[in-house]
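Please look over the sequence and the model below before reading on. The paragraphs that follow go from a surface feature to the overall fold, then to charged residues.

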Amino acid sequence: MEPAIDDRPEKRSVPALSRAIEHYGPGLLVTAAVAMAAQFLAEHYGAPAMLMALLLGIAFHFLSEEGRCVAGIELSAKKVLRVGVALLGMRISVDLLIQLGAETILLLVAGLAATILFGLLLSRLLRLDWRLSLLTAGAVAICGASAAMAIAAVLPRGRHSERNLLVTVLGVTVMSTIAMIAYPILAHRLGLSDRATGIFFGGTIHDVAQVVGAGFSVSQTAGETATLVKLIRVTMLAPVVLCFSLVLRNMPADDPEIGAKRPPLLPGFVIAFLILAAINSAGWIPAALSTAGLEVSRWALLAGIVAVGMKTSLKNLFEAGRTAIGLIVAETIFIAIFILTGLSYLDLG
């Protein structure tokens with residue numbers, strides 16, 4: 001008599017889980033190890049962790065070409081990265097909007113829209129890929145690397161999509177670091193008050209960490225204001241991604257590159273971002289859970305950036321590097337001038 005076969009779902013799922021670990025595990029472990037190395041270098045040498053993650057990832061590009069790590073690196077570059085962006089929603093609440101005031105919020109929204117339009121106009125004048133201009137301008141206008149990743153998810157795929165994303169992340173990270181050093185000197189020379197300095201830093205510097213570093217290097221008031229303003233810019237991520245998605249979906253279907261596969265109306269990770277922001281606004285997320293979630297977000301973004309670096313070769317990077325960096329520098333200067341002009345005109349100091 002043959003023994004009965006146990007075909008319960010929980011029994012069948014074990015081999016599937018084992019296969020998934022075997023398939024994705026090596027690549028996930030590699031990206032995690034490199035992310036930890038990047039964090040170690042950042043803490044001991046004062047360099048931005050994102051920049052270290054990119055450079056180390058590029059050095060391990062060969063792992064993404066063939067072998068056991070390919071699938072896990074692909075998973076980190078997409079899914080893990082998007083989890084990190086989604087968890088940023090735990091930073092956002094309605095209270096932030098109330099604290100800042102209508103005039104400052106209008107200035108930030110105007111600066112965002114103007115920077116994106118400026119990027120598109122510049123790319124048209126220089127006959128550059130409009131996808132690249134949307135990616136760079138969105139990253140500069142909103143929140144650096146996180147915005148670039150979210151926007152890339154709704155842009156139509158092109159031959160150089162991954163290369164453009166990597167160059168954009170690299171460019172905004174470097175420019176953020178330069179701004180963190182240069183803007184406090186500029187604010188002092190211009191005689192800005194602590195509050196105006198905070199609005200300037202939060203409204204122009206791309207990445208959150210560099211905003212915090214620049215703000216608190218001036219004063220407590222400047223640091224708190226800069227952080228608050230920056231988080232308001234992060235709040236704009238979801239509406240901008242939704243607008244981009246709606247516009248791209250309504251483009252003529254006879255464009256084969258776009259018509260072949262439409263981007264999602266609103267990616268799942270952006271929906272998760274909005275849900276977490278709403279829950280946080282209601283005060284339902286305990287402080288301990290919020291802290292843990294933001295720490296997971298930081299590591300997920302770091303591992304995802306490592307994977308994006310691994311997927312791009314230096315040869316491809318150099319091909320578009322100067323063009324993209326030039327766009328980012330021009331857009332960075334534009335938003336800085338725009339916010340400073342707005343501060344002067346609205347007398348927000």
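Which residues make a nonpolar surface patch of about 270 Å²? V94, L97 and I98 make this patch. Patches are built from residues with over 30% relative accessible area and no salt bridge, with nonpolar side chains (Val, Leu, Ile, Met, Phe, Trp, Tyr) joined within 5 Å and like charges within 9 Å. V94 is found in helix α4, which covers residues 94-100. V94 counts as partly exposed because its relative accessibility is 46%; buried means under 20% relative accessible area, exposed means over 50%, and partly exposed lies in between (1.4 Å probe, protein chains only). The accessible areas themselves come from the Shrake-Rupley method with a 1.4 Å probe, and for residues only the protein chains shown count as cover.

A word on the source: this is a predicted model, in which local features need pLDDT of at least 70 and side-chain atom pairs count only at pLDDT 80 or more, while totals for chains, interfaces and linings use all residues. Residues are numbered from 1 along each chain as its sequence is written, and side-chain values use heavy atoms, with hydrogens and water left out.

The protein has 16 helices and 0 strands. Helices (H or I, at least four residues) and strands (E, at least two) are DSSP runs numbered from the N terminus. Of the 349 residues, 50% are buried. The accessible surface comes to about 17,000 Å², and carbon and sulfur atoms hold 66% of that area. Among contacts (heavy atoms within 4.5 Å) with a separation of 6 or more, 80% are between residues 24 or more positions apart.

Helix α7, residues 145-152, is mostly covered, with 7 of its 8 residues buried. The buried residues are A145, S146, A147, A148, M149, A150 and I151.

R233 belongs to helix α11, residues 220-235. A salt bridge requires a side-chain nitrogen of Lys or Arg within 4 Å of a carboxyl oxygen of Asp or Glu. The side chain of R233 does reach the backbone oxygen of A141, at 3.2 Å. Leaving aside residues up to four places away in sequence, R233 touches several others, including L108, V140, F201 and I335.

Side chains of opposite charge can pair when their charged atoms come close. The structure holds 4 salt bridges. One joins K78 and E74 at 3.1 Å, N to O. These two residues are about one helical turn apart, because they lie 4 residues from each other in helix α3 (residues 70-87). K78 is partly exposed at 36% relative accessibility, and E74 is partly exposed at 29%.

Another salt bridge pairs R131 with D129 at 3.2 Å, N to O. R131 counts as buried at 12% relative accessibility, whereas D129 is partly exposed at 30%.

In helix α15 (residues 287-310), E295 and R298 are 3 residues apart, so about one helical turn separates them. Their salt bridge has its closest N and O atoms 2.6 Å apart. E295 is partly exposed at 37%, as is R298 at 32%. Elsewhere, salt bridges that share partners join E74, K78 and K311 into one network.

Definitions and conventions: Polar contact = N/O pair within 3.5 Å; in protein donor to acceptor, adjacent residues only side chain to side chain.
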